[in-house]
Structures are given as structure tokens and as C-alpha cells.
Amino acid sequence: MKEKIAVLGPGSWGTALAMVLDENNHHVRLWGVEANQMDEINQQRTNKKFLPDTIISEGIEAYTDLAKAIDGVDYILFVVPTKAIRSVAQQVAALLDGKKKPIIIHASKGLEQVTHKRISTIIEEEIPSDLHQGVVVLSGPSHAEEVAKKDITTITAACAIEESAVSVQRIFTNHYFRVYTNTDIIGVELGAALKNIIAVGAGALHGLGYGDNAKAALMTRGLAEISRLGVAFGADPRTFIGLSGVGDIIVTGTSVHSRNWRAGNLIGKKVPLQEVLDNMGMVVEGVQTTKAAYELAQQQGIEMPITEAIYRVLYEDADVDQVIRDLMMRDHKAE
């Protein structure tokens with residue numbers, strides 16, 4: 001069945017997901033605020049800033065008018081940076097009339113600054129439940145560049161309302177893009193957000209010249225502390241050995257496609273953080289998520305030594321070599 005779907009956020013991931021939906025013969029509207037970018041998509045069928053080697057199907061329509069983009073749609077997919085989620089959700093809520101209740105999906109990865117709230121929580125706070133059919137988290141090991149090339153990808157659709165997760169699974173799944181369902185929305189969201197911290201650290205190790213042993217240690221112990229924080233907030237520990245846990249850490253912590261890994265790599269080469277962020281061209285969610293996760297762990301009394309170490313490098317200008325030595329000389333303990 002052909003569905004009407006609005007994709008909010010024309011970055012690399014939003015564009016790639018729009019392409020999957022178009023491939024599946026749905027009517028796709030891609031919304032963004034930059035008129036030049038939307039004109040480029042409509043007229044040239046390219047999005048050179050975010051997916052420079054990709055031709056965008058004629059079936060995808062680009063909009064700068066949010067009201068037109070979401071009018072009468074069956075699904076609204078948020079793929080905007082975490083810091084923009086609340087404001088965009090407020091705009092969406094003001095435009096929905098409750099006559100047609102879309103399923104809300106989000107594919108963003110992060111925690112809100114100051115409140116430390118998950119993205120689904122923000123959306124639920126801003127869009128009343130009588131205006132939609134549930135909030136579904138779409139997350140897992142995936143690079144937009146590879147999805148755009150139709151490389152094999154598997155991710156998770158998580159929602160407390162299982163029928164909504166199954167519905168999202170149905171509209172996305174095809175021969176190269178496979179979606180599994182999950183009801184552990186807390187675990188899926190926290191795994192998605194916190195793995196970006198570990199990716200920054202893995203990139204930094206590479207920039208410093210460390211090898212595979214060090215990277216494996218970081219990712220494995222990083223997963224342990226992500227799980228520790230997640231379980232404290234009600235997540236199922238099994239979620240973290242799945243796609244949105246270990247799977248996401250592998251893909252984000254080992255690849256040059258990952259902006260978090262690339263940022264960490266430059267930090268390991270002693271490039272100042274602000275210079276890294278200024279030249280990245282896209283949001284590096286792991287930097288802000290490190291701050292949110294560190295503050296959250298401190299408030300809850302949860303031990304997250306790797307997150308704390310990366311926080312010290314990013315926000316306290318600590319020497320990255322000394323931070324690594326401090327981690328290695330922590331008190332002995334059982335795994």
C-alpha cells in the first residue's frame with residue numbers, strides 16, 4: 001500500500017531514508033529550512049552537501065513549507081539534529097488537527113542538553129498523544145552513504161505500541177534494507193545516543209596511532225558502561241548486544257563514514273575541538289551527548305569512566321595521552 005510520508009531533515013540520513021521509502025513506492029515529502037537546498041533537490045535531483053555522489057529520485061518532493069509537507073501524511077519521520085527536535089515538534093503539533101493521526105518516527109541520535117531527555121520523550125511532551133499513533137524509534141548500524149548505494153543494512157524499529165513498530169517495519173523493509181522490531185524504546189534510544197561517545201573515543205585512539213587492541217578494548221568496555229546506564233533507566237540489557245548496541249558501536253566506531261569517528265580522529269591529532277566542529281560541515285552529536293551522559297551519570301552515581309575521560313578531553317581541555325594513562329591505571333577489578 002502506498003503511504004504518504006513526510007521526512008523532516010534533508011541531511012545525509014534523512015535523504016537516504018527518503019530514498020528507501022521512495023524505492024518502496026511510497027509518496028515521500030522531504031522538508032528542510034534551506035530554500036537553496038530544497039530547490040537543488042527539486043530541480044537538480046542532488047543534495048551535494050550531504051550526499052554528493054547520489055541522484056535523488058523524481059518521486060521525492062522537497063518542501064520548505066512544513067504545513068504542506070505534513071498535510072494528510074500517514075507518517076512523520078524526524079531526522080533533524082537533537083537540538084532542533086523540540087522546536088520542530090512544537091511546530092508539527094501546532095499544525096496537526098487530530099483528524100488524521102500519523103505515526104511519528106524519529107531516526108535522530110542524542111540526548112537533549114540540560115534536561116538529558118531522550119528524543120522520544122521530547123516528542124511525546126510536545127505532540128499530544130491524541131494527535132498521533134505512537135512514537136517509533138528507528139535506529140541501528142547504518143551509514144547514510146551506504147544506504148544510498150543500496151548496501152545491505154539492518155536496523156531496529158522500537159515502540160511501546162508493537163503495532164506501530166510493525167507498521168514502520170513494513171514501510172521500510174526491502175531487499176537491501178531490513179528492519180527488526182523491538183519494544184525496548186529506552187534501550188534502543190540510549191544505545192543509539194551513547195555509542196556516539198565511544199565513536200569519538202575510537203577515532204581519538206586512531207588519531208593517536210593506537211592499534212586494534214586498544215580500539216577493541218574501548219568499544220567493549222564502552223558497551224559495558226552504556227549498558228550500565230541504560231539498565232539503570234529501565235532498559236533491557238539484551239538490547240545492548242543487538243543492532244542498536246554492539247552493532248551500532250561497530251559501525252560508528254570503526255568507519256571513516258562516521259562524523260563522530262572523524263571528529264575523534266582529529267582530536268587525537270591534537271586539532272582544537274572548536275576547529276574540528278567548525279570544519280566538519282555536519283552536527284557531531286557525540287560531542288554534546290558526551291556532556292549530557294557525563295552529567296546524567298554524575299547525578300545518578302553511575303560509573304562511566306570512558307565517558308568521563310572523553311568529557312575531560314572535550315570540555316576540560318585535558319591532555320588525551322594523560323587521560324588514556326589514567327584509564328589504564330585504574331584500580332584492578334573483575335570483568
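This is a predicted model: local features need pLDDT of at least 70, side-chain atom pairs count only at pLDDT 80 or more; totals for chains, interfaces and linings use all residues.
1. The annotated set. The UniProt record, an unreviewed entry, carries the annotation "binding site" for Lys 109, Arg 259 and Asn 260. Although these residues span 152 residues in sequence, no two of their C-alpha atoms are more than 12.8 Å apart, so they gather at one spot. From this set, Lys 109 belongs to the lining of the largest cavity.

2. Where Lys 109 sits. Lys 109 is found in the loop that runs between strand 5 (103–106) and helix 5 (119–126). Its relative accessibility is 13%, and because buried means under 20% relative accessible area, Lys 109 counts as buried.

3. What surrounds Lys 109. When residues up to four places away in sequence are not counted, Lys 109 touches a set of residues that includes Thr 82, Ile 119, Ser 139, Gly 140 and Ser 142.

4. The salt bridge of Lys 109. The side chain of Lys 109 also meets that of Asp 248 in a salt bridge, with an N to O distance of 3.2 Å. Asp 248 lies in helix 10 (residues 243–253), whereas Lys 109 lies in the loop between strand 5 and helix 5, so the pair ties together parts that are 139 residues apart in sequence.

5. Arg 259, from the annotated set. Arg 259 has its place in helix 11, which covers residues 259–268. With a relative accessible area of 24%, Arg 259 is partly exposed. If neighbours within four places in sequence are left aside, Arg 259 is in contact with Ser 12, Met 280, Met 282, Val 283 and Val 284.

6. A bridge from helix 1. The structure holds 15 salt bridges, and one of them joins Glu 23 to Lys 150, with the closest N and O atoms 3.0 Å apart. Glu 23 lies in helix 1 (residues 12–23) and Lys 150 in the loop between helix 6 (144–148) and strand 7 (153–158), so this pair ties together parts that are 127 residues apart in sequence. Glu 23 is partly exposed, with a relative accessible area of 32%, and Lys 150 counts as partly exposed at 42% relative accessibility.

7. A bridge from helix 15. Asp 321 forms a salt bridge with Lys 270, and the closest N and O atoms of this pair are 3.1 Å apart. Asp 321 belongs to helix 15 (residues 320–328), while Lys 270 is in the loop between helix 11 and helix 12 (273–280), so the pair ties together parts that are 51 residues apart in sequence. Asp 321 is partly exposed at a relative accessible area of 23%, and Lys 270 is partly exposed at 46%.

How values were computed
Residues are numbered from 1 along each chain as its sequence is written. Side-chain values use heavy atoms; hydrogens and water are left out. UniProt positions are given in the numbering used here, feature names are shortened, and annotations may be inferred rather than shown by experiment. On a 1 Å grid over the protein atoms alone, a cavity is a set of points where a 1.4 Å probe fits but cannot get out, and a pocket is an open set with protein on both sides within 12 Å along at least five of seven lines; lining residues have an atom within 4 Å of a point. Helices (H or I, at least four residues) and strands (E, at least two) are DSSP runs, numbered from the N terminus. Buried means under 20% relative accessible area, exposed over 50%, partly exposed in between (1.4 Å probe, protein chains only). Contact means heavy atoms within 4.5 Å. A salt bridge is a side-chain nitrogen of Lys or Arg within 4 Å of a carboxyl oxygen of Asp or Glu.
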